[in-house]
Amino acid sequence: MLPDRAGVVVTGGGNGIGRAIAHRLYATGARVVVNDLDAEAAERVANEVGGLAVPGDAATDEGVRALVDAARGHLGSIDVFFANAGIARGDAASATDADFEASWQVNVMAHVRAARALLPEWLERGEGRFVATASAAGLLMMLGSAPYTLSKHAAVAHAEWLSATYRHRGIVVQALCPQGVRTAMLDDTGPAGDVTLKDAAITPEQVAEVVFDALQDDRFLILPHPEVADYVRAKATDPDRWLGGMNRLQRRIEELR
């Protein structure tokens, strides 16, 4: 459960899922700090929710520390940190070392650095909540993008480690793992997204509603697409059959190119 007038930080909050989460929690009385690389978008959403905009790069150690310091100055203390910023770079054929590195920094190390900055105070208080936006790709895969798949798997693994290590000390960790969401990122997925995501894509507001429900019961996996749980079970039960099915989807993607 969230405390009354919870102090909330949302990275990647200028658009999409981050913006929807900021609005949903503001509607419940939360005080919101909005971070985004796009300063104009961060300011716009902060104004919409009566919050504070802290633009900057939440993937860097310096950027994370500046964000956490500014948020604490504004909120007094941070109750919930949504590590929501993410990127999808590099397709199947042409992903470069730079694509892998950028994906690692934004999709994984941003979470690591944020947790490092937040945990000392949270452990002293005996409470805190870290919500990592991973992706269903972190449990399954994203055909068409190895950097996205690998980095989102790592984001889930980091969240699992945090939960196992600190839950007895009052730290709640949750991993948000949606499939297709109607955002600019989905529009950029090309044929892979057309085949695997777009038919079942939902709105950012629908994701935010599921997130809000999950904040009430502290479940680790937040699955806006419930069928993802079935896919994960199928993958674990018979990985060869599951990979065969994914390969059939891959061949359909290649037919569209």
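This is a predicted model: local features need pLDDT of at least 70, side-chain atom pairs count only at pLDDT 80 or more; totals for chains, interfaces and linings use all residues.

Biologist: Thanks! And in β4, what is the bridge partner of Val10?

Modeller: Strand β1 (residues 7–10) is also joined to β4 by three bridges, and these two strands run parallel. In β4, the residue paired with Val10 is Phe82.

Biologist: Which residue in β5 does Ala83 stand opposite?

Modeller: β4 pairs with strand β5 (residues 128–133) through four bridges, again in the parallel sense. Across from Ala83, the β5 residue is Ala132.

Biologist: Are the β4 residues Val80, Phe81, Phe82 and Ala83 buried or exposed?

Modeller: Let's take the two faces of strand β4 (residues 80–83) in turn. Val80 and Phe82 point one way, while Phe81 and Ala83 point the other way.

Biologist: Now the whole sheet, please: which strands stand at the edges?

Modeller: The open sheet has seven strands with parallel pairing, in the order β3-β2-β1-β4-β5-β6-β7. The strands at its edges each have a single partner strand, so one side of each is left without a neighbour in the sheet. Those edge strands are β3 (52–53) and β7 (221–222).

Biologist: On to the helices. What angle does the direction of α4 make with that of β5?

Modeller: Helix α4 packs on the sheet, where it touches β4, β5 and β6 (171–176). Its direction and that of β5 make an angle of about 170 degrees.

Biologist: And at what angle does α8 run to β6?

Modeller: Helix α8 (residues 204–217) lies across β4, β5, β6 and β7. Relative to β6, α8 runs at about 155 degrees.

Biologist: How are α4 and α5 oriented to each other, and why?

Modeller: Helix α4 (residues 97–125) and helix α5 (residues 146–166) have axes 8 Å apart and pack at an angle of about 15 degrees. Angles under 35 degrees count as roughly parallel. The two helices are therefore roughly parallel.

Biologist: Last one: how many residues of the contact of α4 with α5 are nonpolar?

Modeller: The contact includes Phe100, Trp104 and Leu119 of α4, and Tyr148, Leu150 and Leu162 of α5. Of the residues in this contact, five are polar and two are charged, and the nonpolar ones number 15.

Terms used
Residues are numbered from 1 along each chain as its sequence is written. Side-chain values use heavy atoms; hydrogens and water are left out. Axes are lines fitted to C-alpha atoms, for helices over the stretch in contact, and angles run from 0 to 180 degrees between N-to-C directions. Angles under 35 degrees count as roughly parallel, over 145 as roughly antiparallel, 65 to 115 as roughly perpendicular and the rest as oblique. Contact means heavy atoms within 4.5 Å. Ala, Val, Leu, Ile, Met, Phe, Trp, Tyr, Cys and Pro count as nonpolar, Asp, Glu, Lys and Arg as charged, and the others, Gly among them, as polar. Buried means under 20% relative accessible area, exposed over 50%, partly exposed in between (1.4 Å probe, protein chains only). Two strands pair if DSSP finds at least two bridges between them.
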